[in-house]
Amino acid sequence: MYKSTTVPFFSDHNGEPPKLKCNLRKHKPNRKPRTPFTAQQLRALESKFVDKQYLSIAERAEFSSSLGLSETQVKIWFQNRRAKAKRVQEAEIEKLKMAQFSRHPHHMYPHPLQQYFPHHLMGRPLPHMMTHLSMPPQGSPSPSTQTSQQ
């Protein structure tokens, strides 16, 4: 018999997998590389954000200059920080809803008949059904005592 060798479908001429280049993000070739903010810059940005979530053009120009950042960096940082604040707030609301649901699951999924009957009547006989379910008034003989007296 002969010996066959299989080469993976995606391979180079040596049988090695090809080197993959990630092309997910296409940026301009003259793009400035990402510069991480210093701890001091982040403290100042966070502090300013607590005071004010939106800066005017003049405030942004002055603030960016004081931090040694471009106005665009400050503008984008504030946009990203507002988006993060919104995400965190929505997550907190969802967490509160889930906590409420775990304590009172019937509030999230009400009984199908609850739309027709007030909450305080749920689980009780309907008023028109209560006439034959009600007990005779006290003092009048019940049907069982009437038969035993005869």
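Predicted model: local features only at pLDDT ≥ 70, side-chain atom pairs only at ≥ 80, totals over all residues.
Start with S64: setting aside neighbours within four places in sequence, S64 is in contact with L69, S70, E71 and V74.

- S64 belongs to helix α2, which covers residues 57–67.
- Buried or exposed, then, for S64? Its relative accessibility is 2%, so S64 counts as buried, the cut-off being under 20%.

**How α1 meets α3**
- Helix α1 (residues 39–51) and helix α3 (residues 71–103) have axes that come within 11 Å and cross at roughly 60°.
- Because of that angle, α1 counts as oblique to α3.
- The crossing of α1 past α3 is right-handed.
- On the α1 side, the residues involved are L42, L45, E46, K48 and F49, and they meet W77, F78, R81, R82 and A85 of α3.
- Sort the residues of this contact by type and you get six nonpolar, four charged and no polar.

**The nonpolar core**
- The largest nonpolar core has ten residues in all: A44, L45, F49, L55, F63, L67, L69, V74, W77 and F78.
- Each of α1, α2 and α3 puts at least two residues into this core.
- What does L55, one of the core residues, touch once you skip residues up to four places away in sequence? L55 touches K48, R60, F63, V74 and F78.
- V74 turns up again here: it is in the core, touches L55 and is also in contact with S64.

Note on methods: Residues numbered from 1 in each chain as written. Heavy atoms only, no water. Helix = DSSP H or I, 4+ residues; strand = E, 2+ residues; numbered from the N terminus. Buried < 20%, exposed > 50% of the residue type's maximum accessible area, 1.4 Å probe, protein only. Contact = heavy atoms within 4.5 Å. Axes fitted to C-alpha atoms, helices over the stretch in contact; angles between N-to-C directions. Parallel < 35°, antiparallel > 145°, perpendicular 65-115°, else oblique. Left-handed = near helix turned anticlockwise from the far one by under 90°. Nonpolar A, V, L, I, M, F, W, Y, C, P; charged D, E, K, R; others polar. Core = buried A, V, L, I, M, F, W, Y, C linked by side-chain atoms within 4.5 Å.
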